[in-house]
Amino acid sequence: MPAAGPPVFLVPPGGLTPGVLTLTGPEGHHAAAVRRLRAGERADVSDGAGTLAECVVTGVARDSVTLNVNAVHTVPPPQPRLVVVQALPKGDRGELAVELMTEVGVDAVIPWAAERSITKWQGERGAKALAKWRNTAREAAKQSRRAWLPEVTELATTAALAGRVAAAALAIVLEADAPAKLHELPLPESGEILLLVGPEGGISPTERTTLRDAGAVEARLGPTVLRTSTAGSAAAAILLSRVGRW
């Protein structure tokens, strides 16, 4: 649904207590110069770690905004935790995937250097791409009014993912030819659900074997084949609905 309610700004964890709060830096500039907040307007502030404050603007300077904190709410970490492993897609589709998954409610995104990923994150290019994914998640979390900011981890290899699969309460690999349907899988009530989304060319046979041997199960979404940039958000919506988080 479209965004509603007052805008949300982010501060470092631990900085939200009743009283007076001043937004400075990039958030202060955005509030004052971009959103052009005025005294008396509502604006909420989150620390990205489960705390959300309801505020009213009391003063505006060139690059800062002062707010009165009227109420502070704490939201516990959601359970079960949903983590999506996203194989690197082409172009800016990775940022689209992160944006959609953040809005849906995914708790963490793991960029994956899959064998058939055309895009490669190497050196400075990889650092810039990761920064873009993290900034996208941050802005999407603000837009969707999330109390918890999703984590975007460092780039992972298939070997590293095998360990993550083994430790998860449930690990699911999306495969169009899988006999099991995603909406029929038994789901855990707690722990981590790990969802793996392959690249445009699909997950290689070697990768499929490695992930299955580590304990992952394969499942399909439906009769149509989605792009890698949209499959994660569609699957996440199904899983979050089934575990009662939607």
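Leaving aside neighbours within four places in sequence, Glu-27 is in contact with Phe-9, Leu-10, Arg-138 and Lys-142, where contact means heavy atoms within 4.5 Å. Glu-27 has its place in helix α1, which covers residues 25-34, and with a relative accessibility of 7% Glu-27 counts as buried; buried here stands for under 20% relative accessible area, exposed for over 50%, and partly exposed for values in between, as found with a 1.4 Å probe and protein chains only. The model is predicted, and for this reason local features need pLDDT of at least 70 and side-chain atom pairs count only at pLDDT 80 or more, while totals for chains, interfaces and linings use all residues. Residues are numbered from 1 along each chain as its sequence is written, and side-chain values use heavy atoms, with hydrogens and water left out.

The secondary structure of the chain comes to 6 helices and 11 strands, with helices (H or I, at least four residues) and strands (E, at least two) taken as DSSP runs and numbered from the N terminus. The chain has a radius of gyration of 20 Å, close to the 18 Å that the globule rule gives for 246 residues, so it is as compact as a globular protein of that length; this radius is taken over C-alpha atoms, and the rule is 2.2 Å times the number of residues to the power 0.38. Along the principal axes, the C-alpha atoms of the chain fill a box of roughly 60 × 40 × 30 Å. Of the 246 residues, 46% count as buried, and among the contacts in the chain with a separation of 6 or more, 73% are accounted for by residues 24 or more positions apart.

On the antiparallel side, β3 pairs with β4 (residues 51-60) over 5 bridges, with Ser-46 having Leu-52 in β4 as its bridge partner and Val-45 having Ala-53 in β4. The two strands β3 and β4 form a hairpin with 4 residues between them, and Gly-48 in the turn has a positive phi of about 70 degrees. Strand β3 is mostly covered, since 4 of its 5 residues are buried.

The largest nonpolar core holds 30 residues, of which Leu-82, Ile-172, Leu-182 and Leu-195 touch the most other members; such a core is a set of buried Ala, Val, Leu, Ile, Met, Phe, Trp, Tyr and Cys residues joined through side-chain atoms within 4.5 Å. At least two residues of this core are supplied by each of β6, α2 (93-104), α3, β9 (170-174), β10 (192-197) and α6 (228-242), and the largest share, 6 residues, comes from α6. A second, separate core of 20 residues includes Val-83, Ala-108, Ala-171 and Ala-214. Apart from neighbours within four places in sequence, Leu-182 is in contact with residues including Ile-172, Leu-174, Ala-235, Ile-238 and Leu-239.

Several backbone features lie in loops. Most residues other than glycine have a negative phi, and most peptide bonds are trans. The peptide bond from Gln-79 to Pro-80 is cis, with omega near -10 degrees, and Pro-80 lies in the loop between β5 (65-74) and β6 (81-87). Arg-36, in the loop between α1 and β3 (42-46), has a positive phi near 50 degrees and is exposed, with a relative accessible area of 57%. Arg-145, in the loop between α3 (123-143) and β8 (151-152), has a positive phi near 60 degrees and is partly exposed, with a relative accessible area of 28%.

Note on methods:
Pairing = 2+ DSSP bridges.
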